[in-house]
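Here are my notes on this one, point by point. Have a look at the model first.

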Amino acid sequence: MATLSITGGQVLLPDGTVTRADVLIDPDGGEILEVGTDIAGADETLDASDSLVTPGFVNGHSHVAMTLLRGYADDKPLDAWLQEDIWPAEGELTGEDVRIGAELGLLEMIKGGTTAFTDMYFEMPEVVDAVDRAGLRARLGHGVVTVVKDDAGAREDLETSLAFAREYDGAADGRISTAFMPHSLTTVGREYLEEFVPKARDAGVPVHYHANETADEVTPIVESEGVRPLAYAAELGMLEPEDFVAHGVHVDESEIGLLAEAGTGVIHCPASNMKLASGMAPVQRMLEEGVTVGLGTDGAASNNDLSMLDEARDAAMIGKLAAEDASAVPAERVVELLTHDTADAIGLESGRLEEGAPADLAVIDLEEPHLTPAHDLASHLAYAAAASDVRHTICDGQVLMRDREVLTLDEDAVLERAGEAADALAARVEE
Ligand SMILES: [Zn+2]
């Protein structure tokens with residue numbers, strides 16, 4: 001067995017402490033063999049001196065091909081932004097655009113130390129192909145919207161999501177998992193959820209959807225169903241321990257209780273919530289009640305980047321504002337959200353540097369003005385580190401980026417193709 005050792009760094013352990021240690025991994029098995037101080041004789045080494053070795057970051061909710069729409073439309077509320085700009089542009093997206101946008105997003109994630117993510121979009125086999133080649137870990141699903149479709153169109157969309165989830169679960173040597181992904185509780189009709197959620201259970205895949213993102217999303221459900229959205233989701237069997245929702249901004253105490261009791265994860269997307277002025281999720285309250293909270297970037301068009309380190313800082317900041325308490329959502333808790341809590345929420349085994357765990361890691365260069373001095377490295381991870389500080393990224397034991405050079409994707413070619421595809425897309429929308 002050829003082994004790889006990441007040497008000379010400080011290592012963030014699962015209990016949140018940081019210690020000087022090397023990390024020995026088995027690239028073939030994709031597993032961490034040992035975290036220790038006297039590891040010798042590895043076949044290959046990766047230098048981590050003056051660096052922090054952390055679990056790879058986990059992005060719990062994204063629409064990765066939306067990178068092609070980065071900066072395309074900003075500064076509008078969610079409804080107007082979707083209807084006037086995003087949906088018309090998405091209507092013009094081809095399968096090839098989705099693949100090119102996904103490659104751009106994966107390149108950005110690797111360069112920012114992200115090793116696992118959730119994606120909800122369409123033309124998902126293209127995303128599978130990109131993930132397979134880029135080397136990340138992912139939970140993927142086809143997003144279903146039925147409200148603008150006739151019954152035949154709605155059913156076709158639902159069947160596509162179910163078929164994708166069945167076919168690709170375990171793809172890319174097990175790095176890809178899937179989920180059934182109805183877009184949200186307001187964009188997929190009740191009769192369809194009643195019929196298809198049990199089918200997802202039969203297929204053995206979780207359900208992932210947007211919930212309680214804006215106040216405007218809560219009111220129609222209260223009016224039509226007589227209960228708040230997450231009580232409605234519970235009625236439909238969509239609050240199982242393996243399920244996870246995106247956003248959870250406008251959740252009341254009863255809904256926080258439902259989430260905690262069910263063990264359903266919530267992916268907090270603070271940058272998107274701020275940019276679309278959706279509101280402030282009560283993250284501290286959810287943490288106090290024992291809800292599994294993770295972090296996500298959402299799509300690049302509402303963020304506008306895929307940096308999980310930015311997301312961590314935003315989560316800490318907005319968490320304090322929402323709680324009106326500077327001690328809320330503290331740095332050490334944010335670091336947990338950034339790593340193993342998000343992995344737990346989306347049901348992937350990742351986010352912990354320990355023997356036997358998947359070898360998913362990021363190595364962060366600490367020799368930077370904004371990371372000096374080093375009183376508390378958890379604080380730096382939550383508040384000061386940037387995506388551009390990531391030196392190496394490793395997923396499933398494979399080195400995806402070494403000294404800022406991405407090894408699995410051709411960076412120049414990806415950037416060129418993305419620029420061309422985005423320009424052509426904008427031109428088609430103009431016509
Ligand atoms: Zn989203």
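1. Which protein atoms are the donors of the zinc ion? They are His61 (NE2), His63 (NE2), His210 (NE2) and Asp298 (OD), at 2.1 to 2.2 Å. Donors here are N, O and S atoms within 2.8 Å of the metal (3.2 Å for Na, K and Ca), and water is not among the atoms, so sites may look incomplete.

2. Before you go on: this is a predicted model, with local features needing pLDDT of at least 70 and side-chain atom pairs 80 or more, while totals for chains, interfaces and linings use all residues. Numbering runs from 1 along each chain as its sequence is written, and side-chain values use heavy atoms, without hydrogens or water.

3. Along the chain, the zinc donors are spaced H-x1-H-x146-H-x87-D. His210 sits in strand β11 (residues 208-211) and Asp298 in the loop between β14 (293-295) and α11 (308-323), so this pair ties together parts 88 residues apart in sequence. Helices (H or I, at least four residues) and strands (E, at least two) are DSSP runs, numbered from the N terminus. His210 and Asp298 are both buried (under 20% relative accessible area, 1.4 Å probe, protein chains only).

4. Now the sheet: it is open, with 4 strands in the order β11-β12-β13-β14 and parallel pairing. Pairing takes at least two DSSP bridges between two strands. β11 and β14 are the edge strands, each pairing on one side only.

5. β11 pairs with β12 (residues 244-247) in the parallel sense, over 4 bridges. Tyr209 has Val245 in β12 as its bridge partner.

Definitions and conventions
Buried means under 20% relative accessible area, exposed over 50%, partly exposed in between (1.4 Å probe, protein chains only).
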